[in-house]
Amino acid sequence: MKFISSVLILLACLCHSASYARTLPSLPDTLAGQSHLIRQLSTEACEQLLLKQKSSAFSTLSAADAQKIFEEELSAVIEKRVSNIRQLAARSEAAGAYEKLRALLPTAIAIQLVKTCQPAAALYGRFQSTMPSSAERALLEPWANELCSRLKALKDTGSFRGKTSAERIELFHKEFLASLNTRGPQIMRLYGPAGNSPQVVGRLSQLVSQHMQEQCTPLLQLLYQAD
């Protein structure tokens with residue numbers, strides 16, 4: 001099964017509306033200079049989105065198109081600055097500093113964009129706000145319960161102990177994908193051939209994350225803390 005990129009899954013896990021996202025604190029630094037880099041890349045991405053907004057009214061975009069623009073711009077600005085990311089990571093003596101920074105940056109930049117960049121918030125509002133159908137709710141509620149239980153198990157077994165927020169996010173992401181895989185047949189029955197598309201998986205990721213916000217917000221907040 002194809003999966004939407006982790007950045008939008010994790011952003012959806014973090015905030016269920018654009019207004020809520022703007023109140024979130026930035027993720028804590030794991031490397032000196034990380035916050036400056038995040039602000040720099042967010043500013044660059046916002047400038048590009050402002051240009052795109054002039055030629056395309058974001059308020060009329062479909063959820064799938066809005067999501068695609070957000071994700072593509074986020075990916076583009078990170079790839080453009082790979083050398084800067086490597087330089088920052090090279091200042092650290094920690095093992096795997098570059099890989100950990102790359103894992104953290106998409107979510108951190110996405111949060112910064114939704115908090116501070118009007119066109120980014122407009123795009124996010126388009127693709128996160130579609131209400132689920134009754135059939136979707138029947139799928140989402142037990143799924144959200146399971147994911148909350150998986151998060152609790154990570155906490156109770158000590159898997160989060162001594163981990164940075166990036167490492168905790170990666171642990172939960174693996175649990176999310178494992179849970180998603182078990183629901184492949186159910187998703188295909190609900191959506192038919194479209195159930196294998198990034199658009200459907202992305203929508204379900206956002207919706208199940210909204211349910212998790214209602215059921216286990218304190219557990220979700222553990223992802224963005226560090227011992």
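How do H3 and H4 lie to each other? Let's work through this and some related exercises together.

Before we start, note that this is a predicted model, in which local features need pLDDT of at least 70 and side-chain atom pairs count only at pLDDT 80 or more, while totals for chains, interfaces and linings use all residues. Residues are numbered from 1 along each chain as its sequence is written, and side-chain values use heavy atoms, with hydrogens and water left out.

**Exercise 1. Describe how H3 and H4 pack.**

Step 1: Find the elements. Helix H3 covers residues 34-55 and helix H4 covers residues 63-80. Helices (H or I, at least four residues) and strands (E, at least two) are DSSP runs, numbered from the N terminus.

Step 2: Recall the general idea. Two packed helices are described by the angle between their axes and the distance between the axes.

Step 3: Read the values. The axes of H3 and H4 are 9 Å apart, and the packing angle is about 135°. Axes are lines fitted to C-alpha atoms, for helices over the stretch in contact, and angles run from 0 to 180 degrees between N-to-C directions.

Step 4: Classify the angle. Angles under 35 degrees count as roughly parallel, over 145 as roughly antiparallel, 65 to 115 as roughly perpendicular and the rest as oblique. H3 and H4 are therefore oblique to each other.

Step 5: H3 and H4 cross in a right-handed way (left-handed if the near helix is turned anticlockwise from the far one by less than a right angle, right-handed if clockwise).

Step 6: List the contact, meaning heavy atoms within 4.5 Å. H3 brings Leu41, Glu44, Ala45, Gln48, Leu49 and Lys52, while H4 brings Ile69, Glu73, Val77, Ile78 and Lys80. Sorted by class, the contact of H3 with H4 has six nonpolar, one polar and four charged residues (Ala, Val, Leu, Ile, Met, Phe, Trp, Tyr, Cys and Pro count as nonpolar, Asp, Glu, Lys and Arg as charged, and the others, Gly among them, as polar).

**Exercise 2. Is Glu73 buried or exposed?**

Step 1: Glu73 belongs to helix H4.

Step 2: Apply the cut-offs. Buried means under 20% relative accessible area, exposed over 50%, and partly exposed in between (1.4 Å probe, protein chains only). Glu73 has 8% relative accessibility, so Glu73 counts as buried.

Step 3: Look around. Leaving out residues up to four places away in sequence, Glu73 touches Ala45, Gln48, Leu49 and Lys52. On the other helix, the buried residues of H3 include Ala45 and Leu49.

**Exercise 3. Compare two partners of H8, namely H10 and H11.**

Step 1: Take H10. Helix H8 (residues 134-156) and helix H10 (residues 184-191) have axes that come within 11 Å and cross at roughly 175°. H8 and H10 are therefore roughly antiparallel to each other.

Step 2: Name who meets whom. From H8, Ala135, Glu136 and Leu139 meet Gln186, Ile187, Leu190 and Tyr191 in H10. This contact of H8 with H10 divides into five nonpolar, one polar and one charged residue.

Step 3: Take H11. Helix H11 (residues 198-221) packs with H8 at about 45°, with the axes 8 Å apart. H8 and H11 are therefore oblique to each other, and the crossing is right-handed.

Step 4: By class, the contact of H8 with H11 has 14 nonpolar, three polar and five charged residues.

**Exercise 4. What is the separation of the C-alpha atoms of Ser165 and Leu104?**

Step 1: Ser165 sits in helix H9 (residues 165-182). Its relative accessibility is 1%, so Ser165 counts as buried.

Step 2: Ser165 and Leu104 are 61 residues apart along the chain, and their C-alpha atoms are separated by 8.1 Å.

**Exercise 5. How many helices and strands has the protein chain?**

Step 1: Count the elements: eleven helices and zero strands.

Step 2: Check burial. Of the 227 residues, 47% count as buried.
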